[in-house]
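Subject: Handing over a structure, with notes

Hello,

I am passing on to you the structure that we talked about, and I would be glad if you opened it before reading further. My notes come after it, and they are meant to be read with the structure on your screen.

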Amino acid sequence: GPTPVAATTVVPNVVGLYLWDAVRILTQAQLIIEPWLYAKSLTVAQEYVISQSVTAGTTVATWAPITITVSDGA
């Protein structure tokens, strides 16, 4: 028979979003959020996402891990 196709999802862009909005969106996209990292930022408000480990628009297996870096302020 045909080879089963693994389920995939497209990684959403959560950069610039509030942390908990990003968590909700990534979970809805069926991604596993690795413990997020905090970093100081002079340009991104506290509790907002600075970066993500997988580029937005990338197709990955469902429940693939992704790490987000969140601003802890200046």
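Predicted model: local features only at pLDDT ≥ 70, side-chain atom pairs only at ≥ 80, totals over all residues.

In soluble globular proteins, nonpolar side chains tend to be buried together. Here the largest nonpolar core has 16 residues, and the members that touch the most other members are L26, L31, I66 and I68. Two elements, helix 1 (19–28) and strand 7 (68–71), each give two or more residues to this core, and helix 1 gives the most, with four residues. If you select I68 and set aside its neighbours within four places in sequence, you will find that I68 is in contact with V14, L19, A22, L26, I33, W36, L37, V49, S51 and Q52.

Next come the charged pairs. Side chains of opposite charge can pair when their charged atoms come close. The count of salt bridges comes to two. In one of them R24 pairs with D21, and their closest N and O atoms are 3.6 Å apart; both residues lie in helix 1, three residues apart, which is about one turn of the helix. R24 is partly exposed, because its relative accessibility is 42%, and D21 is partly exposed too, at 33%.

In the other salt bridge D72 pairs with K40, with the closest N and O atoms 4.0 Å apart. Because D72 lies in the segment after strand 7 and K40 in the loop between strand 3 and strand 4, this pair ties together parts that are 32 residues apart in sequence. D72 counts as partly exposed, at 29% relative accessibility, whereas K40, at 63%, counts as exposed.

Nonpolar residues are also found on the surface, where Y18, W20 and Y48 form a patch with about 300 Å² of accessible area together. Y18 sits in the loop between strand 1 (8–10) and helix 1, and its relative accessibility of 32% makes it partly exposed.

Lastly, there are two backbone angles to check. Most residues other than glycine have a negative phi, and most peptide bonds are trans. Q30, however, has a positive phi, near 65°; this residue is placed in the loop between helix 1 and strand 2 (32–33), and it is partly exposed at 35% relative accessibility. W63 also has a positive phi, near 65°, and lies in the loop between strand 5 (59–61) and strand 6 (65–66), where it is partly exposed at 44%.

With best wishes

Note on methods
Residues numbered from 1 in each chain as written. Heavy atoms only, no water. Core = buried A, V, L, I, M, F, W, Y, C linked by side-chain atoms within 4.5 Å. Buried < 20%, exposed > 50% of the residue type's maximum accessible area, 1.4 Å probe, protein only. Contact = heavy atoms within 4.5 Å. Patch = residues over 30% accessible without salt bridge, like charges linked within 9 Å, V, L, I, M, F, W, Y side chains within 5 Å. Areas by Shrake-Rupley, 256 points an atom, 1.4 Å probe, with all protein chains shown as cover. Salt bridge = Lys/Arg side-chain N within 4 Å of Asp/Glu carboxyl O.
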